[in-house]
Amino acid sequence: WVAVDSALVISTLVQVGMTTLLSSTILLPLSYRFGYEKAKVGFYFIVGALAALMGFSVAANEDGIVRNLLPQSISSAGAGWVIAVAALTLYALSWRLSVAWYGKAEQ
């Protein structure tokens, strides 16, 4: 048995949570605007484009795009908080947009 680093477990759980939140952020307003089937196709296209972008950035250099976007002076814990706040803000905006589109669909 190998001891598991608790920081790695917490980091992985936060990443899974943020990924889940991001997928809801994209899929929810698209579903209300275009219907579930079209939203699902659009969501898969967006996920594929993001995966391709990540693959190209890793192939281009070892640091990737994310390291180049973040300031070098920020710690990984600080970056985690920035990403968490950004994801929650995007989710709140997505929710607000979904409610607005749903209200228009009801009329």
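Mentor: Happy to. This is a predicted model, and it holds one salt bridge.

Trainee: Which residues form the salt bridge, and how far apart are the closest N and O atoms?

Mentor: K40 pairs with E37, and their closest N and O atoms are 3.8 Å apart. That counts because the cut-off for a salt bridge is 4 Å.

Trainee: Where do K40 and E37 sit in the helix?

Mentor: Both belong to helix α2, which covers residues 36-60, and being three residues apart puts them about one helical turn from each other. In general, an α-helix has 3.6 residues a turn, so residues three or four places apart point the same way.

Trainee: What is the relative accessible area of K40?

Mentor: For K40 the value is 25%, which makes this lysine partly exposed.

Trainee: Okay, zooming out. How many helices and strands are there?

Mentor: The protein has four helices and zero strands. Along the sequence the pattern reads α-α-α-α.

Trainee: And what share of the residues counts as buried?

Mentor: Of the 107 residues, 13% count as buried. Helix α1 contributes L21, T25, I26, P29 and L30 to the buried set.

Trainee: What follows α1?

Mentor: G35 does, and its phi is positive, near 95°.

Trainee: Changing topic: how many aromatic pairs are there in the whole structure?

Mentor: A search of the whole structure gives two. One of them joins Y32 and Y102: the ring centres are 5.2 Å apart and the planes meet at 65°, so this pair is edge-to-face.

Trainee: Which helices do Y32 and Y102 lie in?

Mentor: Y32 is in α1 (residues 6-34) and Y102 is in α4 (residues 76-106), so the pair ties together parts that are 70 residues apart in sequence. Y32 is partly exposed at 37% relative accessible area, and Y102 is partly exposed too, at 42%.

Trainee: What about the rings of F43 and Y44?

Mentor: Their centres are 6.1 Å apart with planes at 50°, so that pair is tilted. An angle over 60 degrees would be needed for edge-to-face.

Trainee: Are F43 and Y44 buried or exposed?

Mentor: One of each. F43 counts as buried at 14% relative accessibility, whereas Y44 counts as exposed at 54%.

Trainee: Last one: which residues make the nonpolar surface patch?

Mentor: V4, V9 and L13 make it, and the patch is about 290 Å². L13 has its place in α1 and counts as exposed, at 59% relative accessibility.

Technical notes. Residues numbered from 1 in each chain as written. Predicted model: local features only at pLDDT ≥ 70, side-chain atom pairs only at ≥ 80, totals over all residues. Heavy atoms only, no water. Phe/Tyr/Trp six-rings, centres within 6.5 Å; stacked < 30°, edge-to-face > 60°. Helix = DSSP H or I, 4+ residues; strand = E, 2+ residues; numbered from the N terminus. Buried < 20%, exposed > 50% of the residue type's maximum accessible area, 1.4 Å probe, protein only. Patch = residues over 30% accessible without salt bridge, like charges linked within 9 Å, V, L, I, M, F, W, Y side chains within 5 Å. Areas by Shrake-Rupley, 256 points an atom, 1.4 Å probe, with all protein chains shown as cover. Salt bridge = Lys/Arg side-chain N within 4 Å of Asp/Glu carboxyl O.
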